[in-house]
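User: I've got a model open and would like to talk through a few local details. Can you take them one at a time?

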Amino acid sequence: MSAHAPDGLLVPTGHGRTLAVPAHEVTFKVTGEHSRTASSFEVVVPPGFDVGAHVHAHSEELFYLLEGELDVLAFEPRVRTRDDWRNWESTTGRRTVRATPGTVIVVPPGCPHAFANRSDRPARMFFQASPPPDHERYFEELLEILDAGGSPDHAAIAALRSRYDIEQLTPMRHEAPAS
């Protein structure tokens, strides 16, 4: 007699644990509790949010843009400048692009990447990080820092990122649109 296989996970539209602050909103869809290979999230990127260019030594990520537009980077630049990653260019001439719904970005370990919402409307993406559960814990702690209000505490974010396999190359920014 064979052992009973575990049930699968179904997360209906609008379900999952959501953490939201003015600078970011993340809904946990699949966590390390349910998958050994990846954590999955739905992320709302508000206007004015720039995650900053960064790189992971061990993590692999996948982004699928569902709504809105994002400026994205996923390549090694000729020079890693500390200012604005949107001006970076690869040795083969690749530059940042404006991603629209349906765009998929796959980021292997060691590849610098970034996204920013330069539009006046929120963008929404499906995001998957492997292995779990590091990004789950990272998001929980990051949103606590961002919830403090005002400009992001860059020292606290740098310390957080160093604990979770994230080498920050350019600053995270959130410039809320003027009302």
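User: Is Asp165 buried or exposed, going by relative accessibility?

Analyst: Keep in mind that this is a predicted model. Asp165 sits in the loop between helix H2 (154-163) and strand E12 (167-168). Buried means under 20% relative accessible area. Asp165 comes out at 18%, so it counts as buried.

User: What's the phi of Asp165 near?

Analyst: Most residues other than glycine have a negative phi. Asp165 isn't glycine, yet its phi is positive, near 60 degrees.

User: Which residues does Ser59 touch, leaving out those up to four places away in sequence?

Analyst: Ser59 lies in the loop between strand E5 (54-55) and strand E6 (60-67). At 6% relative accessibility, Ser59 counts as buried. Its contacts are Val107, Pro108, Pro109, Ser130, Pro131 and Asp165.

User: Is the peptide bond from Ser130 to Pro131 cis or trans?

Analyst: Pro131 is in the loop between strand E11 (123-130) and helix H1 (134-146), and Pro133 is placed in that loop between E11 and H1 too. Most peptide bonds are trans. From Pro132 to Pro133, though, the bond is cis, with omega near 0 degrees. For Ser130 to Pro131, omega is also near 0 degrees, and the bond is cis.

User: Which residues make the nonpolar surface patch of about 250 Å²?

Analyst: One member, Val106, is found in strand E9 (residues 104-107). Val106 has 48% relative accessibility, so it counts as partly exposed. The patch is made by Tyr64, Val104 and Val106.

Terms used
Residues numbered from 1 in each chain as written. Predicted model: local features only at pLDDT ≥ 70, side-chain atom pairs only at ≥ 80, totals over all residues. Heavy atoms only, no water. Patch = residues over 30% accessible without salt bridge, like charges linked within 9 Å, V, L, I, M, F, W, Y side chains within 5 Å. Areas by Shrake-Rupley, 256 points an atom, 1.4 Å probe, with all protein chains shown as cover. Salt bridge = Lys/Arg side-chain N within 4 Å of Asp/Glu carboxyl O. Helix = DSSP H or I, 4+ residues; strand = E, 2+ residues; numbered from the N terminus. Buried < 20%, exposed > 50% of the residue type's maximum accessible area, 1.4 Å probe, protein only. Contact = heavy atoms within 4.5 Å.
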